[in-house]
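Reader: Hi! Could you walk me through this one while I have it open?
Author: Happy to, let's bring it up.

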Amino acid sequence: MEEGGLRASILVKDDAEESHSLLEECQQPELKSRSSNWKAPAIILGFECLESMAFNGIGTNLVVYIRSILHGGIASSASTVSLWYGTSYFVPILGAVIADTYWGNYKTILISLTMYLLGMVLITVGACIPSAPALCNLSSCSSSKGTQNVIFFLGLYLTAVGCGGVRSALLPFGADQFNNENSLDMQKRRNFFSLFYICVIIGVIISGTIVVWVQENVSWAIGYGLATMFIALAMVGFVVGTPTFQRREPSGSPVKRILQVIVASCKNMSLALPADSSLLYEATSKNTHNSESKLAHTDDFRFLDSAAVISDMRLDNGSCQSSWSICTVTQVEELKILIRLLPIWATGVFFSAAFSQLHTTFIQQGTVMNTKLGSVSIPPASLYSFEVVCVTLWVLLVNKVILPGTTWFTSGAELTQLQRIGIGRVLMFFAMALAAILEMKRLESVRHGELLSIVWQLPQYIVIAGAECFAFITQLEFFHGQAPDSMKSMLTAFALLTIALGNYLSSAMITVVARVTSAWHSPGWIPDDLNEGHLDYFYWCFAAISFVNLIVYIYFARKYKLKKYVIQC
């Protein structure tokens, strides 16, 4: 138990940096560690730029390749792409646990890179195999098509697993290159996170323009070969840079800490909870490293507090040393944080399902529009690059105009992270509504024998970019800031998991809607020929889901309690 000293609860605001600096001031008044240089982080940033080019070189135009080369249907192509994107964002949660528990970040990245490169090579080989004509029914055509599909999809999912492993470990590995005990390095690390996202954007832009153009106008095999070259260069650079990297050994499983609280609380259910929370068990400062932050006790989910109850019998026989019999208040609060985050996280899944239309039905909608702008043909998939540019502009607008502007109306306080995520939910509703309205206008123009210009898609791309800026980026910051010190990597991956589950949900919805509506009224809402369907109805469904999701989010966001630290000076 803690005895003596001043206990003070500090409310963590947007990013927990305030509490960290206060901890540093109280616990480490003299920072004597040497500042790190930018050599290792620069290699990691270059790596991420190349990796982003490779991943998006595959993903950006994937729905077009499956539809036009592998002859998949409209609904099945969109469902396949959503499933693949979902896998690539699901693997990080497993990769984060493996990295924290067994391999460490460096080894996780290296093993994942090997799978990544092998998958990219197989995708390129599959694209080199001549595709069978869509109407070919000969046995030789079936054999060729089957071989191409097996090689291509095996490579596709090897790439998804490899990419997910890299994604789970690269960002925390980059943060490890900076010294947590040096105030200058803390500022460098904040800059690193910003530069990391910029590198992702650069990769998306290059792949969405140059690589997509090569795929559609030169050769799919050469286009995928370029993406393979990018990941090969990333791997060479990473291996060459190995001597410059700082590597941290695995620190133990965060899942184990959670299970210990659950087991201990079940064992101690018969014990009475003390009225004074200071009587609950907490590690003494002599048994804890000074840099480890302790979380303040909260009154919700009181049934978990039994895990930290100290009985006289335990004190007599020394069983307090067993983490499966009694846990610290900090461990209990870590589990409480996860429970509080669950509703916020769940609304992120439905948000991601709507956002995944950017990679699927938005592109398919563009393929049945007039893609000519003067003498230039605009590949529908390249509008994804336009969306990424819009995200960059939204980031600048939010940081330089919107956030400072809100201080005029809120007595000097900026929008909180939860408020920003809520704005993203609102914008997603409007993006789906705009897509539905555009599809209604497009179908009307088709009935009059005209093709609507693809330029009319730009407003929905602009609005969904704003939703991404407010919701996705802020959600990563929020989860990282609210995460306990022992779970930073896991909760960052947990935030990415919303994207995976959202893509799975989107894939399931597309498949179910296509089958049900085609059985109900042929050819259904999402037929192979969109001019005969009603994609607008599908978008309106997502608009309704987004609206309900917003209401649920507002309810839980208003009740959410931010993390508190106990700081001893």
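Reader: Let me start with a spot I clicked on. Leaving aside neighbours within four places in sequence, what is Ser 88 in contact with?
Author: Setting those neighbours aside, Ser 88 is in contact with Phe 55, Ala 160, Gly 164 and Arg 167. Bear in mind that this is a predicted model.

Reader: Noted. Where is the place of Ser 88, and is Ser 88 buried or exposed?
Author: Ser 88 is found in helix H4. Ser 88 counts as buried because its relative accessibility is 0%.

Reader: Zooming out, how many helices and strands are there in the chain?
Author: The chain has 16 helices and five strands. Of its 569 residues, 53% are buried.

Reader: And the contacts between residues at least 6 apart in sequence, how many of those join residues at least 24 apart?
Author: That share is 84%.

Reader: Nice. Which residues have the most contacts inside the largest nonpolar core?
Author: Those are Tyr 224, Met 432 and Ile 526, in a core of 148 residues. Helix H4 gives the most to this core, contributing 16 residues.

Reader: Let me look at Ile 526. What is Ile 526 in contact with, leaving aside neighbours within four places?
Author: With those left out, Ile 526 is in contact with Ile 74, Ala 75, Ile 510, Val 513, Ala 514, Leu 535 and Phe 538.

Reader: Switching to charges. How many salt bridges does a search of the whole structure find?
Author: It finds seven. One of them joins Asp 300 to Arg 340, with the closest N and O atoms 3.0 Å apart. That pair links distant parts of the chain: Asp 300 is in the loop between strand S2 (294-295) and helix H9 (312-317), while Arg 340 is in helix H10 (residues 329-355), 40 residues apart.

Reader: Are those two buried or exposed?
Author: Both count as buried. Asp 300 does so because its relative accessible area is 18%, and the cut-off for buried is under 20%. Arg 340 is buried too, with a relative accessible area of 9%.

Reader: What about Lys 336, which residue does it form a salt bridge with?
Author: Lys 336 pairs with Asp 305, and their closest N and O atoms are 3.0 Å apart. This pair also links distant parts of the chain, with Lys 336 in helix H10 and Asp 305 in the loop between S2 and H9, 31 residues apart. Lys 336 counts as buried because its relative accessibility is 0%, and Asp 305 is buried at 1%.

Reader: And Glu 333, what is its salt-bridge partner?
Author: Glu 333 forms a salt bridge with Arg 340, where the closest N and O atoms are 3.8 Å apart. Both Glu 333 and Arg 340 are buried.

Reader: Which residues are linked in the network of salt bridges?
Author: The network links Asp 300, Arg 302, Asp 305, Glu 333, Lys 336 and Arg 340.

Reader: Last topic, the surface. Which residues form the nonpolar patch there?
Author: Phe 547, Val 548, Ile 551, Val 552, Ile 554, Tyr 555 and Phe 556 form it, and together they have about 610 Å² of accessible area. As general background, nonpolar side chains tend to be buried together in soluble globular proteins.

Reader: I'm on Ile 554 now. Where is it, and why does it count as partly exposed?
Author: Ile 554 lies in helix H16 (residues 535-559). It counts as partly exposed because its relative accessibility is 40%.

How values were computed. Residues numbered from 1 in each chain as written. Predicted model: local features only at pLDDT ≥ 70, side-chain atom pairs only at ≥ 80, totals over all residues. Heavy atoms only, no water. Patch = residues over 30% accessible without salt bridge, like charges linked within 9 Å, V, L, I, M, F, W, Y side chains within 5 Å. Areas by Shrake-Rupley, 256 points an atom, 1.4 Å probe, with all protein chains shown as cover. Salt bridge = Lys/Arg side-chain N within 4 Å of Asp/Glu carboxyl O. Helix = DSSP H or I, 4+ residues; strand = E, 2+ residues; numbered from the N terminus. Buried < 20%, exposed > 50% of the residue type's maximum accessible area, 1.4 Å probe, protein only. Contact = heavy atoms within 4.5 Å. Core = buried A, V, L, I, M, F, W, Y, C linked by side-chain atoms within 4.5 Å.
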